[in-house]
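User: Hi, could you walk me through a structure? I'd like to ask a few things about how it is put together.

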Amino acid sequence: MTSIASARRPVPAPRRAGAGLRRRWLSTGRYVFVLPALLYLVLFMFYPLVYTFDLSIFNVNAANFFRGGAEFVGFDNYVTYLTSPTFLSSLAVTLVFTIGSLLFQHAIGWAFALFFNRGFALSGLLRAILMVVWVLPAVVSASLWRWIYSGSFGLLNAVLAWFGIHTTQAWLVDPHTALAAVVLANIWVGVPFHMLLVYAGLQGIPATLYEASSIDGASRLQRFWSITVPLMRPVVITALLLGFVHTFKAFDIIYVMTAGGPAGATNVLSISVYQLSFDYFKLGEGSAAANVLLVIPLLLSIVYLALRRREETAL
Amino acid sequence: MSTARPRRIGARLAAAALTAGLAAALAACAPGGGGAAPKDEPSDSGGPVTLTWWDYYQPGPGSDALTKLLDEYHAQHPNVTIKRQFIAYADLKKNLLQSAGASALPDIVVINSPDHQQFAELGIAADLTDQLKKWGQLDKYPKGAVASASYDGKIYGLPITLNDLALFYNKDMLAAQGLKPPTTWDELQSDAKALTGDGHYGFAYSAINNQQAVFQWLPTLWQAGGDLTDLTSKDAQRALEFWAALMSDGSVSKEALNWDQTQVGVEFAQGRTAMMINGPWMAPTITSQAPDLDWGVAPLPSDKEKASALGGENYMIIDGPHEKAAFDLMTWMQDPKRLAELAEGTGSLPTRSDVTLPHADDTTKVFTDQLKVARPRAYGSNYAQIADAVVVAIQSTLSGSSSAKDALATAAQAVGPLLPKKN
């Protein structure tokens, strides 16, 4: 980027008749090019957002969704949802699921990325194979993990038996192990994504930096801490943020593996959103719940962007 | 200077993350979106009509029987074309709600009878009270079945088939222990224990995290003399403790907490359980999956009372331009001979008293007899939410994370306000 900018020679401004018109066309006409994106945003982002908010402040339910006549209730739906006996436990489950998944996904993703960054024979093929996990539909991987965790004929217990641990523990139906089991499955699903982002970031660090530092006598560890880590910081934060947003609203993998059970042990917030809207037809409360689910990652993202801006202006 | 590159990419990715997050979270709950379906065909005027038909009959004999009947109807009524669509049962509610938002509803839908009142409350079902009275055959249907299609004194459809629950047993396994099918709870418990052995369990039920678990547990609750309206009663506690005891005995696999009724049927067909609670729809599947298995069906064991749970399918006609054409099709399908074909294909029992199944066997007889003690889930339009609260009680007791008493007390608190108000 730097080389392109410096390579560009200053062009003398041509002074001709009609330059004012042209300038005006440039300043207004260029907005035409923004239009498709703008339309898309309005139709698929802004409209649903407003509609969901609109639903969430009325007591929309089965009796009045089509017939009309839903009453304005202000923020009652939010209060009902936030004070419902399951909300806090669901939030806790969601946070454990999200943070537990994310930390391990990212750490393991790093390890793989560093490994592949050494560029050995067949590394491209191996990387592609790893990505298959990420590409698999969630229903497929969740069904696979259901079988792995099965008590009587699951793979996990069979593997444990090789090590002399004989158990018929049914991992997904015991409330003490279900959440950990779901998190482990989700770690497996998410590792390739983090590996890919970190790998791309590592590839973007110029080799010259490493060369120069090794000439200066920096050790391998020093090079990692003083070059790789600081340069990778933005990538790491981005991967973690993306991962957080993605995992926080995860639905399909849990729905297929446990549907939120046993006894609410894996009942993440996204499942309650689905239940309220599509099982109970309580669309008002369901929309309020959806907005709560939306706001938490949103706040995190805003904090992140604000921090970034401060950091950039400080430079 | 080179540090600027990954940084800017980072900021852009962050922006992308924000938008992606927003979109996905919203997609989860925004109804509508699709365009309105063209409804420009002449309605009920005798001109050509296309009827959209939704059902959740899995591919198999039931689905084939239905296809055959619908083809026959089209042959007799060439101006009526029927567009049949399979909608998975788990998606039916969501799809109906979403297509209602997009004005792209089907014309006639096969639905699970306990859901009928919820749809009637939604206002998408056509009120057929007058037409059905004119039709004059309502007296052929059991009152309870018609009640499942009624809401607020109006009738919104017709019951098609019924089903209930009974005890399936593996004849070879019982014979090996010199046992007959159990008739009481005590017998069930001791037999299940005796039948548990190497590689197989004595008994199986579905305690999965959805309504099916409640459907399976309700007979036990009713047998104990309890009901969902009073979950803090000693009887309710006894009913749940009985199920928990079967599991802590080791007679029922802990996996039952993740088995739906189909999976329970598979366990039985594979010889991994000697007995199970299941419905008549499972019989054709077991016969085709395990043709060599020697099995029978017996009434559910009883305690204070005899009880089974009543289920079934109803037709619901959508309030729309094709109401009359759909009504004609529905009543044509309800002809006793045709209904018998459909019931036999789907492995369920016909609702009409004037229908006799041509190939009725002992299994059919047991399920038909069980109908006498089978009760509907008549808990109003909030049943889905009530059932979820009860599932949590069942699962937390079975998994040992809570006592039956505490779990039921929690459930009772949630269920109380959801029950229909007493007059």
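User: In chain B, what share of the contacts with a separation of 6 or more comes from residues 24 or more positions apart?

Analyst: First, this is a predicted model, so local features need pLDDT of at least 70, side-chain atom pairs count only at pLDDT 80 or more, and totals for chains, interfaces and linings use all residues. Residues are numbered from 1 along each chain as its sequence is written, while chains are lettered from A and ligands numbered from 1 in the order in which they are written. Two residues are in contact if their C-beta atoms, placed from the backbone, lie within 7 Å. For chain B, the share you asked about is 76%.

User: Is A:Val135 buried or exposed?

Analyst: Count the other C-beta atoms (placed from the backbone) within 10 Å of its own: 20 or more means buried, 12 or fewer exposed, and in between partly exposed. A:Val135 has 8, so this residue is exposed.

User: How are H10(B) and H16(B) oriented to each other?

Analyst: Helices here are DSSP runs of H or I, at least four residues, numbered from the N terminus. H10 (residues 234-248) and H16 (residues 383-398) of chain B pack with axes 9 Å apart, at about 40 degrees; axes are lines fitted to C-alpha atoms over the stretch in contact, and angles run from 0 to 180 degrees between N-to-C directions. Under 35 degrees is roughly parallel, over 145 roughly antiparallel, 65 to 115 roughly perpendicular and the rest oblique. So H10(B) and H16(B) are oblique.

User: Which residues in H16(B) does H10(B) meet?

Analyst: On the H10(B) side, look at B:Leu240, B:Trp243, B:Ala244 and B:Met247. Their partners in H16(B) are B:Ala393, B:Ile394, B:Thr397 and B:Leu398.

How values were computed:
Helix = DSSP H or I, 4+ residues; strand = E, 2+ residues; numbered from the N terminus.
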